[in-house]
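Biologist: Could you walk me through reading a sheet, a domain boundary and a chain contact?
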Amino acid sequence: MKDDRMPSVEANELRREFKAKGAPVVALDGVSLRVGQGEVFGVLGPNGAGKTTMIRILSTLLLPTGGWAKVMGFDVEHEPEKVRRVINMASGAEKAGYDFISAKRNLWFFSQLYGIPNDKAERKISELSELLGLTKYLDRKFYALSTGYRQRATIARAFINDPKVVFLDEPTIGLDVMTARSIREFLLGEARRNGRTIIVASHNMAEVDAICDRVAIVDRGKILAEGTPEELKRSLGAPALVLEVSPPQAAFEMLAKVPGVKGFTSSTEEERGLTTVEAVVEDDAAARGAEEAIRKEGFKIVASWRKQATLEEVFVALVGQGFKEREGEDVA
Amino acid sequence: MTSLRPILASAWMGIQHDIAWTTPALSVSLRAVAPFASAMTVSIIYWFGTTNGAGLFVPAGLAFVLIGSTLYAHVASYAWVPTVAIAEGKNLSVFPHIYITSRSTAFYTAGRLLSAFVISAITSLAALAVAYYVLGSFFGTQIPIVVNPWSALLLAAALVVNIPGALGLGYLLGAYSLYASKFEWSLPGYVAGLLMVFSGALFPTTILPWPISVAAYYLPFTQFITAARGALLPSSSTGYASAMGLCLAGGVCLLALGLFVYFAAEKKARKDGVIDRRLA
Amino acid sequence: MVARALVRLWSIFGEPLWVVVNMGFPVLSSLAMAILYFSIGAISYVGFAVLGGVMISFWGNVLWSMASQFNWDKQEGLFEIYLTSPASITAILVGMSVGGIIATVPSAIIVVAIGWAIFHPVVSASWGGVAVTFGLTLASLYAMGMALSSLYLAYGRQAESLNEVLQEPVSMLSGLYFPSLGSASPFPLALQAVASLIPLTIGMDALRKTLFYDNNIGQVAPDLVVLAVMAVVLLYLSKFALKWLEHMGRRDGTIAVRIR
């Protein structure tokens, strides 16, 4: 997407280390990116990939230990006050708010921290509540709201100051399908109608695929690939191979030795007595090779088919493992 | 953009937090109980010690202790509010969102402190008034506290002049709360205790050994209590002006120090990534 | 019970700085009151201030780490886990009490050590009487904390305000730093009668008699009997109140409601 205007977010070799017993932990390892104005930009990766660290640096909560980043042309390290005038953020995991006052008063309070006059704040609260389906619940105390409505209120707060750039960290985590869809529709509307740049950090591939103009796939502090969701999926070449294998099996190391198999992930359903394996393959020959390797080990392939690539398969192709395996490895 | 809005909104939030959990009249009355009881305790110690020990019970001495004990409680109760506001903000996950606003957290903590000042002033003065009558009744004596428009004005001026010092102390405590994630809830106990010993609240600072007595004498809180006594006690009125001057000068210095430490802590917290760290 | 006591001890002794943190107000308030007695020529009563500092450590622990603990546990989602486990709530409370007493002892020792080092208070003690009186005072005080914890469960974030309302008035009425009962008390008889309902009042009076006036166990026996009865009654009351509140909470759906 060519955009000659100043980028809304720019980072160059951004790096962040945290002190730890032993060697320091590198949360971001030389990340560079450029996001245009009005884009919805996704940062996709497993837990611990560095998504939240990136958001924290760009929203001025955290200083980088190397490199630089700018938001709307202002340096996040040296001009944080100027950055804060044009941004806002929300985190899905937190549902931040004062429990002892209503949702409306929470929104009003934050509007005042941005110096918004009362009449303008009232209009903005009304408008955002309407768009997010929050109007009926505005006068309820924050603690009395259900998870979904607390999250809507949190999202509303992130737009109360008409920010040019909004950072959202897992905005729909833990929400039901309908609420998550409402929030995504709202975010798309804000980007398209009002030209806001929205940076979404998530490990929800469907969400990122649905709303993002461009996506950066991150792992272990680095950007592995960047592009539109379609570009990234097309980069795999052949559609993925899906196999249902019996009896259930935890590991399929034999696939790693098959030429043309770029990576794979698996999940077991004990009730059905099957393991489902998804392998990212270069071509049809690699797909046949993968099936033969599994049969050679004495497993039965109950069903097999090819499917349209997902962003996780892009990740698997880049790293050799799925999100689940990657997070399990990091924990171990 | 006006800076007044964040301060006023934060003050409003402080009032919601402190007294809006029940009817304002009830919550303010309940908040007056602690300073009243504290003043009674200290005054009774004075009475008991002088009537059973080698000293002499003097109504002016009782007044000295009564005024000091209510006003040290006033300072102790509102100076630590920035600590509470920051710790509560981290607990509720709102603190990082306040931090990234244009005016950031310094205005927020100032607003919270100012609302606490107003509430504390009302409750402390109410406690002083009630303790005055109760003690007079218990001990069958007239406590020589002067209350007229002039003394009320002088006392009000002393309360206001003490704000910079309290704000400075609040920022110093807040700096700890900003960076740390434990023990901040225990700071108010230390603040109250230190003020009890070193602010001339219960006894003259000259009782303390040198050079501690000198340091204690020049604390803005000591001068505030001296000025308050100057306003309310006929025997102490000559020291009022100098006490006000020292209180203001000391308070401004403490405020400057507090702000310096607070912003340094904020910068370090941002560097170390603890602004949005939850409490331990 | 043992598990809950251990949790408390691990949290305190696993972070030794907690001892320094917890001793702040007791040491400083004790110091302030002792200096006040000293400054008015009542040096013989400095020991009252030191004793008051010791007991305020335990009273503060009762209020902040016992009475309001369940309310905080409710906010963190732990209380519903206690309720749905087979463990008795009373056993959990007793465990908290035991852990709280042990965890507060270091602060109390430091108050005594500092008070002794600076003021050398004169004592004339019947140490057997002191030990028994101290033990029964703590038992009844913590039983009161257990009874209060049920009250706090009903009040949510108002619990903090309740602590403020209770802490200083109880300190005053119970005579932490001066006699609140008898001819030396400044309180009218009616108020002394009300103060006598607080275990700490009886305990402080008996402790002063055994520590400073060489009263033996026999001489403070009436006080000891009252303390023992209070401990039993308050323990029973806490059990009943918690059961009732559990029933109300389950009926009204408020057990898991968290208002931060």
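Biologist: How many bridges join strand β1 of chain A to β2(A)?

Modeller: First, a word on the source: this is a predicted model, where local features need pLDDT of at least 70, side-chain atom pairs count only at pLDDT 80 or more, and totals for chains, interfaces and linings use all residues. Residues are numbered from 1 along each chain as its sequence is written, with chains lettered from A and ligands numbered from 1 in the order in which they are written. In general, strands of a sheet pair through backbone hydrogen bonds, either parallel or antiparallel. Pairing needs at least two DSSP bridges, and strands are DSSP E runs of at least two residues, helices H or I runs of at least four, numbered from the N terminus. Here, eight bridges link β1 (residues 9-18) of chain A to β2(A), and the two run antiparallel. A:A11 sits opposite A:L33 in β2(A).

Biologist: What is the strand order of the open sheet in chain A?

Modeller: The order is β2-β1-β4-β5, with antiparallel pairing. At the edges are β2 (25-35) and β5 (74-75) of chain A, each pairing on one side only.

Biologist: Into which domains is chain A divided?

Modeller: Domain bounds come from an automatic or database assignment; for chain A they give domain 1 (9-227) and domain 2 (234-331). Their centres, taken over C-alpha atoms, are 34 Å apart.

Biologist: And how many residues do chains C and B bring to their contact?

Modeller: Contact means C-beta atoms, placed from the backbone, within 7 Å. Chain C contributes 34 residues and chain B 36 residues. On the chain C side, α2(C) gives the largest share, 14 residues.

Notes. Contact = placed C-beta atoms within 7 Å.
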